[in-house]
Amino acid sequence: MPGMEYRLEQVEGVEDGGRLFVRGPNVMSGYLNSDTNAKFKELNERLMSDTQKLLVAAKAGNLDALKAAMDPLGETCKTCHDTFRKK
Ligand code: HEC
C-alpha cells in the first residue's frame, strides 16, 4: 500500500513473531479523536491476546484448541475491519 509503513518488533518471550506496527494515512485517520483511538487500541489488544492463544495452542500441537482459537481471532479481525477499514 502506498504511504504505509510496517515495523515488526521482537517481543521478549515470543520466538516466531512479534509486535506489528502499522503506520499510514488510513490508519492514522483512526487517531483523530480519542474515542476512536481507544476503540482501536482495544481491538488491537484483543488481536494480541487472540493471537497469543493461537500461538500457545500451536506450540502445544493441540489441534482442537487451535481450531477453537481461530474463531475469536477471525471475529476480532472482522470487527476491526468493519469499523476501521475503508470500504
Ligand atoms: C485493530 C484493528 C484491526 C484488526 C484487529 C485487524 N485489522 Fe486488518 N486492517 C485494519 C485496517 C484499519 C486496515 C486497512 C489499512 C489500510 O487500508 O490502510 C486493515 C487491512 C487489512 C488487510 C489488507 C486488506 C487490503 O484491502 O489491502 C489485510 C489482509 C488484513 N487487514 C488482515 C487482517 C487479519 C487476517 C486480521 C486478524 C488476524 C486483521 N487484519 C485484524 C485493521 C485491523
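Q: What percentage of the 87 residues in the protein chain is buried?
A: The model is predicted. A residue is buried if 20 or more other C-beta atoms lie within 10 Å of its own. Of the 87 residues in the protein chain, the buried share is 1%.

Q: In what order do the helices and strands of the protein chain run from the N terminus?
A: The protein chain holds two strands and three helices. Read from the N terminus on, the order of these elements is β-β-α-α-α.

Q: Which element of the protein chain has the highest mean pLDDT?
A: Over the protein chain, pLDDT averages 77, and 61% of the residues score at least 70. Among the elements, the lowest mean, 56, belongs to helix α1 (residues 25-28). The highest mean, 91, belongs to residues 63-84, that is, helix α3.

Q: Is C80 buried or exposed, or does C80 lie in between?
A: C80 is found in helix α3. Around C80 there are 18 other C-beta atoms within 10 Å. A buried residue needs 20 or more and an exposed one has 12 or fewer, so with 18 C80 is partly exposed.

Q: What distance separates the C-alpha atoms of F40 and F84?
A: F40 belongs to helix α2 (residues 34-60) and is partly exposed, having 16 other C-beta atoms within 10 Å. In sequence, F40 and F84 are 44 residues apart. From C-alpha to C-alpha, their separation in space is 8.0 Å.

Q: How many Å separate the C-alpha atoms of C80 and K39?
A: Along the chain, C80 and K39 are 41 residues apart. The distance between their C-alpha atoms is 9.0 Å.

Methods
Residues numbered from 1 in each chain as written. Predicted model: local features only at pLDDT ≥ 70, side-chain atom pairs only at ≥ 80, totals over all residues. pLDDT = per-residue confidence, 0-100. Helix = DSSP H or I, 4+ residues; strand = E, 2+ residues; numbered from the N terminus.
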